[in-house]
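Welcome, and please open your viewer. We will take a short walk from one selection to the next.

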Amino acid sequence: MSQKNETAVLILSLLITIGLAGAGIWWLTSRGGINVGGLSPQNQTLPNSATGNSPQSEQAIGQRLSAGQKLLIPEQATTTKQAAVQAIASGNYNAAISDLQASLKTNRNDPEALIYLNNARIGSQKSYTIAAAVPIGGDINAALEILRGVAQAQNEINQSGGISGTPLKVLIANDDNKPEMAAQIATALANNSEILGVIGHFASDTTLAASKIYQQKQLVAISPTSTSVQLSGVGNNIFRTVPSDRFAANALSRYMVGKLQKQKAAVFFNSASSYSKSLKDEFTTALYGDGGQIVSEFDFANGNFNAAESVKSAIAQGAEVILLASDSATLDQALQVVQVNAKRLPLLAGDGAYTAKTLQIGGAGATDMVLAVPWHILADPQSNFPQTSKQLWDAEVSWRTALAYDAAIALIAGLGRNPTRTGIQQALSASDFSAKGASGPIRFLPSGDRNRAVQLVTVKPGNRTSYGYEFVPISGL
């Protein structure tokens, strides 16, 4: 090899080493989130998660399903939790119960452990089984928030004697927040006759993909978090406990025109996300109806997207307000907009920005930003759920936990009327159906949507989180 070639190889090796080191640093820093107040920084991806881009074998899908015989969330698992999983796999439920109780004393905020504990208590008894399909490999924090709601509802019903004496078992499924994987998970759940209902999925895209399977197989699915208007009326087995984007868009538009006295908005969105496009379109319709207009749109999915140039362009085109219709995949770009905007224009946002990362990274620049969310823990002082959830988890919970709890309560109520797949669908669709949830009465429209208003919150300095900022409900609107 010539000296020139040797030099080139050395330079290439050095560049690769630097790249790997940088990637390692990024990986470490991106995974250092702290769970405070029911919120955690988004987009933390578990290692070795499957891509979901191609069909997987039945055995591979089975590795994504667990009622306690395997860990789906291995990070920070206690030794007693690991031992409990082995005990369940071998049918030693008494040992599993003891180990899971010990694990929960160490980490009270672990919903996977509480679900497995209640499943272990059932053992081989007769039970009704539902599944919770969550994005463990795609958005671990959202998955945990949803599982807390499901776990709390299961814990409460089983401690009170079950559903007419029959306990509730929960199967956890990991779809990585990928539509292709969600469809495969949905097929596996639908083909399992023991599964009587499903709570999930997380993002609108994954729920849309899975809903086709559930509708075909006549299995009820209730999403606690998917808000796209595309889900309205998609099938008589598809429900959701979260209000659609139409409610959020109307509330944000009214706030902008009525409270802020502004008429011109720039919208930042992700064209690759059903949720983001839905919120953008609904806000556009609502704003024009309220006498305002959209003066510019900026797509996070554009490979040439530049936050600083986009904000500069929006201001030049006469924008008076910025709407951030970001999803979890584009939250970082949205926070770049928050930072470069530097409070020049008022900020509005959907529930995709309701994360601790917004408080942590947005900081002072996010102060006074107004978000439309389905529920806030401080907005309903008459509800018992904020107190009971805080006692259970030793932390405040988010709207995702509250709406997942409501989804579980709805399935429990349906099981109480008729514990079959068809019976649950008929119960939830009945005009007289109502159940008491964390966020008030649970009732469904013929479209499967929940008829419930959203809550506007704003970012303010505060000490309820470790970041120095918090979300505070806006009242009197």
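This is a predicted model: local features need pLDDT of at least 70, side-chain atom pairs count only at pLDDT 80 or more; totals for chains, interfaces and linings use all residues.

Residues are numbered from 1 along each chain as its sequence is written, and side-chain values use heavy atoms, leaving out hydrogens and water.

**Stop 1: two helices.** Select residues 79-89, helix H3, and residues 93-106, helix H4. Their axes lie 8 Å apart, at an angle of about 160 degrees. That makes H3 roughly antiparallel to H4 (the term is for angles over 145 degrees). Now show the side chains: the contact (heavy atoms within 4.5 Å) includes Ala84 and Ile88 of H3 and Tyr93 and Leu100 of H4. The residues of this contact divide into nine nonpolar, two polar and two charged.

Stop 2: Next, select Arg400 and Glu145, which form a salt bridge with their closest N and O atoms 3.5 Å apart. A salt bridge is a side-chain nitrogen of Lys or Arg within 4 Å of a carboxyl oxygen of Asp or Glu. Arg400 is in helix H15 and Glu145 in helix H6, so the pair ties together parts that are 255 residues apart in sequence. Are these two residues buried or exposed? Both Arg400 and Glu145 are buried (under 20% relative accessible area, with exposed meaning over 50%, partly exposed in between, using a 1.4 Å probe and protein chains only).

**Stop 3: another bridge.** Move on to Arg450 and Asp406, whose closest N and O atoms are 2.9 Å apart. Arg450 and Asp406 are buried.

Note on methods: Axes are lines fitted to C-alpha atoms, for helices over the stretch in contact, and angles run from 0 to 180 degrees between N-to-C directions. Helices (H or I, at least four residues) and strands (E, at least two) are DSSP runs, numbered from the N terminus. Angles under 35 degrees count as roughly parallel, over 145 as roughly antiparallel, 65 to 115 as roughly perpendicular and the rest as oblique. Ala, Val, Leu, Ile, Met, Phe, Trp, Tyr, Cys and Pro count as nonpolar, Asp, Glu, Lys and Arg as charged, and the others, Gly among them, as polar.
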